[in-house]
Amino acid sequence: MEQTDVMSLDDTASAANPRIDDAQALMRGAARLLWHMGFSAIPEFILPDGRRADLAALGRKGEIIIVEIKSGIADFRADSKWTNYAGYCDRLYFAVSERFPRDVIPDDAGLIIADGFGGAIIRESPVLTLAPARRKALTLRFARAAADRLMRVGEPGTDTSPASA
């Protein structure tokens, strides 16, 4: 079987394909919710193991939240990188749309229902234990990633996408 790099329209969120939600809108809504809770969030935060968390947030007391965005059930089933996130945060959440089947979200993660304008925590995440040295390293990584992205905004010829930070 030949593999192609062409994306099927079945994999694209649109009005014509209601099975898939807009991941960017879900991320924006989850980030707004976190901001209202006193957290500063950045998308596509690269963890020390090289994995990229969809959304990471830092609280006023140094607490760290990771949010995994799921645009549909196929996205959830195809991606299990989130299973390694527990070692890098105090709380782990999934952010999904109102119509996502909630019963598939694991009990060891919290649940956020979001849209492009905001979100709500439907189920709290269990509190995880983060070693002080790891917390410090992650906090520094977070601060540097945010500052680097801000510095590059508007720079000619520079890719300012979160993935490049």
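Predicted model: local features only at pLDDT ≥ 70, side-chain atom pairs only at ≥ 80, totals over all residues.
User: Why is Arg91 called partly exposed?
Analyst: Buried means under 20% relative accessible area and exposed over 50%, with partly exposed in between (1.4 Å probe, protein chains only). Arg91 has a relative accessible area of 25%, so it is partly exposed.

User: Where does Arg91 lie, and what is it in contact with, leaving aside its neighbours within four places in sequence?
Analyst: Arg91 lies in strand 4, residues 91-96; helices (H or I, at least four residues) and strands (E, at least two) are DSSP runs, numbered from the N terminus. With contact meaning heavy atoms within 4.5 Å, the partners of Arg91 beyond those neighbours include Ile66, Glu124 and Leu128. A polar atom of the Arg91 side chain also lies 2.5 Å from the backbone oxygen of Ser125.

User: What makes a set of residues a nonpolar core, and how many residues does the largest one have?
Analyst: A nonpolar core is a set of buried Ala, Val, Leu, Ile, Met, Phe, Trp, Tyr and Cys residues joined through side-chain atoms within 4.5 Å. The largest such core has 25 residues, and those with the most contacts inside it include Phe45, Ile66, Leu92 and Leu138. Among the elements that each supply at least two residues of this core are strand 1 (40-46), strand 4 and helix 3 (132-152). A second, separate core of 15 residues includes Leu26, Leu33, Ala95 and Ala114.

User: How do you know that the span of helix 3 agrees with its number of residues?
Analyst: The expected span of a helix is 1.5 Å times one less than its number of residues. The 21 residues of helix 3 should therefore span 30 Å, and the end C-alpha atoms are 30 Å apart, which agrees.

User: Which residues of helix 3 are buried, and why are they said to be on the same side?
Analyst: Leu138, Phe142, Ala145, Arg149 and Arg152 are buried in helix 3. They cover an arc of only 115 degrees around the axis, which puts them on the same side of helix 3; the arc is that of the directions from the helix axis to the C-beta atoms. The cover over these buried residues includes strand 1, strand 2 and strand 3, while the face turned away from the buried side carries exposed residues, among them Lys136 and Arg144.

User: What does the salt bridge between Asp107 and Arg123 tie together?
Analyst: The side chains of Asp107 and Arg123 meet at 4.0 Å, N to O. Asp107 lies in the loop between strand 4 and strand 5 and Arg123 in strand 6 (residues 118-123), so the pair ties together parts that are 16 residues apart in sequence. Asp107, at 68% relative accessibility, counts as exposed.

Note on methods: Residues numbered from 1 in each chain as written. Heavy atoms only, no water. Polar contact = N/O pair within 3.5 Å; in protein donor to acceptor, adjacent residues only side chain to side chain.
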